[in-house]
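Q: Could we go through this model together, beginning with the strands and ending with the pocket?

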Amino acid sequence: MSDAREWSRDDTARFVRAATRDDDKYSRGVVALRTGSPSYPGAAVLGVEAAWRSGAGFVRYAGEQRVIDAVLARRPETVGGPDTGRTRIGAWVIGSGTDPEERTDAEAQALREILSGAVPVVVDAGALDLAADATAPFVVTPHAGEFARLRERLGLAATEREGTEDVRRMAAELDGVVLRKGARTLIAGPDGTLIAVDAGTGWLATAGTGDVLAGVLGAVIAANPDAPLPELAAAGAWLHGHAARIAAGVRDGGTGHPIVAMDVAEALPLAIADVLS
């Protein structure tokens, strides 16, 4: 049996609040993304869309001009440029839609600077190999294959126990939060915290949904600067899964229907409204 804490809607509600008349774009959370690539610009588009749809007050995209153009074509509210200037960033999202084999020295340096800062970082896909050297607070978000490769890179042997011990050991080794994506998402903190999120649907198994999750996580973390990072990761994963259920038409039971990643992003406001109701 797993000893993970089962995450719920009520747990998620603690990290979701309605905007008030006293809010401004900064108080609602600022998310910066360095994601996507000329080969995979859609990853940046999906992550930015998800950050906006999850309630961020300001989203900044830092990357190559061709990717900036794709992001702004979809979400003109985004501030795009090669760097973030003096923006008061609450969370970074890096790595989605990138390949470490194609990473330039300049890009590697930019990512390492983010990972050595004070701002929490969501580390996805092509940036996972850099997490071991991070000093910033961070959440890594590997799927099963990426998790196995990262575990091998860290020299950790595989165990059993439904994978829970593997996730815990990786979090301790990295000294960061590990979110292993799957039908049952497991989240572990370096202190031994273990949370399970079982809130999705099989229709979520489609390309690009991990990019959406990264954007959701960035928005939730930026909006809750003083909250525990494992719990924020769980809240983001729950919202992502709930949005998928809404998009697929399985919220009230039934078999539902196919969805694409953008459907999940577009359903995020409904998922948040449901939590607030």
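Predicted model: local features only at pLDDT ≥ 70, side-chain atom pairs only at ≥ 80, totals over all residues.

Q: Let us begin with β3. Is this strand mostly covered or exposed?
A: Strand β3, residues 58-62, is mostly covered, with five of its five residues buried.

Q: Which way do its side chains point?
A: Phe58, Arg60 and Ala62 point one way from β3, while Val59 and Tyr61 point the other way. In a regular strand, side chains alternate between the two faces of the sheet.

Q: What pairs with β3 on the β2 side, and in which sense?
A: Strand β2 (residues 30-34) pairs with β3 in the parallel sense over four bridges. Val30 has Phe58 as its bridge partner in β3. Between these two strands the chain passes through helix α2 (residues 41-53), and this β-α-β crossover is right-handed.

Q: And how many bridges link β3 and β4?
A: Three bridges link β3 to strand β4 (residues 79-81), again in the parallel sense. Here Tyr61 has Gly80 in β4 as its bridge partner. The chain goes from β3 to β4 through helix α3 (residues 65-74), and this β-α-β crossover is right-handed.

Q: Changing topic, which strands are joined to β10?
A: Strand β1 (residues 5-6) is joined to β10 by two bridges and runs parallel to β10; Glu6 stands opposite Ala196. Strand β9 (residues 185-188) is joined to β10 by four bridges and runs antiparallel, with Ile187 opposite Ile195.

Q: Are the faces of β10 covered or exposed?
A: Both faces of β10 (residues 194-197) are covered: Leu194 and Ala196 are buried on one side, Ile195 and Val197 on the other.

Q: Which residues touch the most other members of the largest nonpolar core?
A: Val197 and Val212 do, in a core of 62 residues. Helix α8 (residues 229-248) gives the largest share of this core, 13 residues. Leaving aside residues up to four places away in sequence, Val197 touches several residues, including Trp7, Ile187, Ala234 and Trp238. Another core, of 32 residues, lies apart from it, and its members include Leu130, Leu150, Met170 and Leu174.

Q: Lastly, how much space lies in the largest pocket?
A: The largest pocket holds about 890 Å³ of space.

Q: Which residues are closest to its centre?
A: Of the 36 lining residues, Asp124, His143, Glu146, Lys181 and Gly210 are the closest to the centre. Helices α5 (144-154), α7 (209-223) and α8 each supply at least two residues of the lining.

Key
Residues numbered from 1 in each chain as written. Heavy atoms only, no water. Buried < 20%, exposed > 50% of the residue type's maximum accessible area, 1.4 Å probe, protein only. Pairing = 2+ DSSP bridges. Right-handed = clockwise from strand over helix to strand, strands pointing away. Core = buried A, V, L, I, M, F, W, Y, C linked by side-chain atoms within 4.5 Å. Contact = heavy atoms within 4.5 Å. 1 Å grid on protein atoms, 1.4 Å probe; cavity = no way out; pocket = protein on both sides within 12 Å on 5 of 7 lines; lining within 4 Å. Points joined across faces, edges and corners; volume = space filled by probe spheres on them.
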